[in-house]
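Here are some exercises to work through with the model open in your viewer. Try each task before you read its solution.

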Amino acid sequence: MTILYSKILLVCNGKAGRGELETQLMEVTPPLLDICDTLTIHKTKDKGGAEKICHETGNEYDLVVILGGDGTVHEAVNGLARLSSRPKTAILPGGTCNDFARSLDIPMNLRLAAETIANDLHEKDIDIVKADDRYFSNFWGTGLISQTSDNIDTGSKSVLGKLSYYISAFQSIQDPVLLNAAVTADGREYNEEVVMLLAANGRSIGTHPLPASISLQDGLIDLYMVKKTGFPLMMESFKIRSTGDISSPSDDIIHIQASEVTIHLDDMKNMKKVDMDGELYEEQKQTLKVLKHHMRFITGEEK
């Protein structure tokens with residue numbers, strides 16, 4: 001195997017299940033050792049650990065490999081995206097849904113994913129979205145999508161895996177919260193009552209594929225404003241594993257593409273939660289700005 005990199009940093013979730021991380025490392029380290037002079041393994045200890053190590057040392061490496069789920073990827077991206085000089089990045093799917101890895105066509109089998117990195121056949125400059133002082137790679141959402149995330153029981157998630165997302169989604173739908181959303185997208189203004197706002201950069205949420213027309217390289221956010229009457233259509237598109245656009249002739253779902261979007265959620269007695277890549281934040285107004293081709297990722301072969 002040819003040496004491709006001088007130094008690789010492998011960031012992994014040190015709080016993974018007992019014995020699980022050791023098994024994962026046994027799968028992925030041999031292919032990585034074959035292609036570098038030095039492999040540094042960093043096991044995070046606390047929340048925010050992946051972001052900290054990536055921001056502090058990321059530019060010292062030729063390649064940063066993220067082993068973990070969407071939360072670990074979100075942290076690492078927030079550390080790397082702020083760097084003026086960003087290393088090439090790769091993902092090894094070690095979590096529940098691994099949505100951004102799916103968007104990059106990375107195999108879900110860890111050994112195959114590691115071999116994809118070692119073969120170094122495909123890589124792309126991928127858009128990252130800045131949300132005020134944070135970043136996301138896959139999606140931003142509020143309303144039913146953040147309500148669903150907030151309802152997920154951590155213990156159930158560890159036992160049931162992705163099934164917990166569907167159970168929680170069903171529970172959330174019983175009592176949807178209506179949001180008054182004022183949106184400005186590249187100068188265009190929208191004021192709508194919605195049950196969900198979804199801004200997609202990637203093409204998978206909770207293992208469900210989003211429309212294949214969403215691009216990770218076009219410099220645009222795909223924003224879906226979903227009215228209460230449009231939510232069944234959104235769910236149906238998930239069920240049929242959508243290959244086209246989510247749309248409705250009655251405008252029950254408004255689809256907007258823009259390079260910059262400002263979202264203001266009005267008439268709230270309490271601060272509502274926003275879901276970014278599966279991590280919850282409390283926000284009422286945010287500006288989402290696409291950083292086109294901001295990070296270079298190793299990808300799988302497009303299906």
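A disulfide is a pair of cysteine sulfur atoms within 2.5 Å. The model is a predicted one, so local features need pLDDT of at least 70 and side-chain atom pairs count only at pLDDT 80 or more, while totals for chains, interfaces and linings use all residues. Residues are numbered from 1 along each chain as its sequence is written, and side-chain values use heavy atoms, with hydrogens and water left out.

**Exercise 1. Cysteines**

Work out how many disulfides the rule gives, then check whether cysteine 12 is buried or exposed.

Step 1: apply the sulfur cut-off, and the count is 0 disulfides.
Step 2: cysteine 12 has 0% relative accessibility, so it goes down as buried. Cysteine 36, with 6%, is buried too.

**Exercise 2. The whole protein**

Find how many helices and strands the protein has, and what share of its residues is buried.

Step 1: take the DSSP runs, with helices as H or I of at least four residues and strands as E of at least two, numbered from the N terminus. That gives 9 helices and 18 strands.
Step 2: of the 303 residues, 52% count as buried.
Step 3: run Shrake-Rupley with a 1.4 Å probe (for residues, only the protein chains shown count as cover). The accessible surface is about 13,800 Å², and carbon and sulfur atoms hold 47% of that.
Step 4: list contacts, meaning heavy atoms within 4.5 Å. Among those between residues at least 6 apart in sequence, 77% join residues at least 24 apart.

**Exercise 3. The nonpolar cores**

Which residues of the largest nonpolar core touch the most other members?

Step 1: the largest one has 48 residues, and Leu10, Val65, Leu67, Leu92, Ile117 and Phe297 touch the most other members. Strand β1 (residues 5-12) is its top contributor, giving 6 residues.
Step 2: zoom in on valine 65. Skip residues up to four places away in sequence, and its partners are Ile8, Leu9, Leu10, Val11, Leu32, Ala90, Leu92 and Ile117.
Step 3: look for a separate core as well; a second one has 26 residues, among them Trp140, Val194, Ala199 and Val261.

**Exercise 4. Rings**

Find how many aromatic pairs the whole structure has, and say which ring the charged end of lysine 7 sits over.

Step 1: pair rings of Phe, Tyr and Trp (its six-membered ring) if their centres lie within 6.5 Å; planes under 30 degrees apart are stacked, over 60 edge-to-face, and the rest tilted.
Step 2: the search turns up 1 pair. Phenylalanine 100 and phenylalanine 297 are 5.4 Å apart centre to centre with 80 degrees between the planes, which makes the pair edge-to-face.
Step 3: phenylalanine 100 is in helix α4 (residues 99-103) and phenylalanine 297 in strand β18 (residues 285-298), so the pair ties together parts 197 residues apart in sequence. Both are buried.
Step 4: for charges over rings, NZ of Lys or CZ of Arg must be within 6 Å of the ring centre and within 35 degrees of the ring normal. The charged end of lysine 7 sits over the ring of tyrosine 61, 5.0 Å from its centre.

**Exercise 5. Positive phi**

Where is aspartate 186 found, and where is histidine 293?

Step 1: aspartate 186 is in the loop between β8 (179-185) and β9 (188-194). Its phi is near 50 degrees, positive in a residue other than glycine, and with 41% relative accessibility it is partly exposed.
Step 2: histidine 293 belongs to strand β18. Here phi is near 55 degrees, again a positive value in a residue other than glycine, and the relative accessible area of histidine 293 is 36%, so it is partly exposed.

Notes. A nonpolar core is a set of buried Ala, Val, Leu, Ile, Met, Phe, Trp, Tyr and Cys residues joined through side-chain atoms within 4.5 Å. Buried means under 20% relative accessible area, exposed over 50%, partly exposed in between (1.4 Å probe, protein chains only).
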